[in-house]
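Colleague: Please take a close look at one part of this model and give me the numbers. Then set that part in its surroundings.

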Amino acid sequence: MSALRAEARVALAIARKDALAELRGRHATVSTLFFAAVVLLLFGFALGPDAARLAAAAPGLLWLAVMFAGILAVNRLHLLETDDGALEQLALYPVARRAIYAGKALAGFGAMLLLGLLVLGAVGVLFAVDIAAAWPPLLATVILGALGVAAVGTFYAGVTVRLRAREVMLPLLMLPVLAPLLLGAVKATSAALAGDPFGELAAWLQLMVAFDVVMIVAGLATYGFLLDD
Amino acid sequence: MKTRVLGVAALLAVAAATFVALAVVPADLNQGDAQRIMYPHVASAWLAYLSFGVTALGGIAWLWKRDLRYDAVALAGAEIGVMFTAFAIWGGMMWGRPVWGVFWQWEDPRLTTTALLLALYVGYLLLRRLTDDPERRATRAAIVGVVAAVDIPIVHFSVEWWRGLHQTATIASPDRVLDPAAPMAFVGTLLGMLGAFTLAWAYLMIRRYQLARAELARQERVRVELLAAAR
């Protein structure tokens, strides 16, 4: 039990380090948020100006914007470690590998949660969707979605961080894996916004929970091999 | 030599199964000749799943035993799996056009799942090409292959649900023929095609594995020669 607590402390320390670096430098947040906003605007141009159509497409647009921007966010969090050989230092610490993954994923989760909430607000404003009325299920969806993107993104950013073609490979590897999460998140968001007329909301949230659990376990189990290679 | 015998046997078996599927077995009453596509289509899909399973197992074996032969098995599985996946999708589209009226049917969970499968493993193969060091490549590929394999069931169920929750008329799928109530001629032909394709699969796997080993051996030789020249 105490070993687990020690690992949790390591994870929290790594997450805090990433948060601190981000707060001081603000490399990722500003550019990532701006990118998400631009994506939303372009979606509006691509599908608009029919307000009803935009409102109908809003859940899909929300999650595509979050996932596209999420690629930048998780990439940024790992690029942080490539400066000055920090990743090698991290790998040298005598701590469990899964604690390092948990820490990086936790930092990613924080970033994704912030991003998800802000993009949700922007979707509410831009596409005239009433998000205030359905806020509890929407919050649950954003939390589960952010967790899934962070878990998968941290893993694949670790795979691609030392590749030459990192910018192409990260989305290429990550987005197909995220497809079930996208399905679940979009469906849960639509159901929540419509007041869950068919009682399907819980099923979609369960799907997202299952995805998150499987991907976090896979990440915890395999991330160590990446650090050691 | 033995491999060559297997290759010839596979070729003859595929030719015979194709002949039976095209000329011997009667056409389906509802779908007509288009239904004949089902035989290679189902066989390819089955081999695609088998290949990706081999890739995942090969990856796990590499991580465990650190023997590059397992990585060669994983590579063979992924490459041949991608080929069979593409063939299955292509066959499905050719079948869908006359039967459904469209090449692509978003309502069909298997089609969309298979397309995602293709994307997952094309990514896997691209990742392999971007890493030069054999052991590092094997490790990265292994974990990506394992995560992809873990993702497959989730993809499958989510897509099934996604379609199921706004259910429309389900159109007779090619696999219906596997129903025991179906005439034995169809089942027999399908089983024959499965066997023939599996033989071809085994032959391709062995050859691809040998090729991967030869490539690695050559790389090693070149490196030794370069080292010797440098001295």
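Modeller: Helices (H or I, at least four residues) and strands (E, at least two) are DSSP runs, numbered from the N terminus. This is a predicted model: local features need pLDDT of at least 70, side-chain atom pairs count only at pLDDT 80 or more, and totals for chains, interfaces and linings use all residues. Residues are numbered from 1 along each chain as its sequence is written, with chains lettered from A and ligands numbered from 1 in the order written.

The part is α3 of chain A, residues 51-82. This helix has 32 residues. From first C-alpha to last, α3(A) reaches 45 Å, close to the expected 46 Å (1.5 Å times one less than the number of residues). α3(A) carries a kink of about 55° at Ala58(A), shortly before the proline Pro59(A); the bend is the angle between axes fitted to the seven residues ending there and the seven starting there. After α3(A) comes Asp84(A), with a positive phi near 55°.

Now the surroundings. Chain A has eight helices and zero strands. Its C-alpha trace spans about 55 × 35 × 30 Å along the principal axes. Of its 229 residues, 47% are buried (20 or more other C-beta atoms within 10 Å of the residue's own, with C-beta atoms placed from the backbone). Among contacts in chain A with a separation of 6 or more, 82% join residues 24 or more positions apart; a contact puts C-beta atoms, placed from the backbone, within 7 Å.

Chain A also touches chain B: 25 residues from chain A and 24 from chain B take part. On the chain B side, α5(B) gives the most, with 15 residues.

Key
Contact = placed C-beta atoms within 7 Å. Buried ≥ 20, exposed ≤ 12 C-beta atoms within 10 Å, placed from the backbone.
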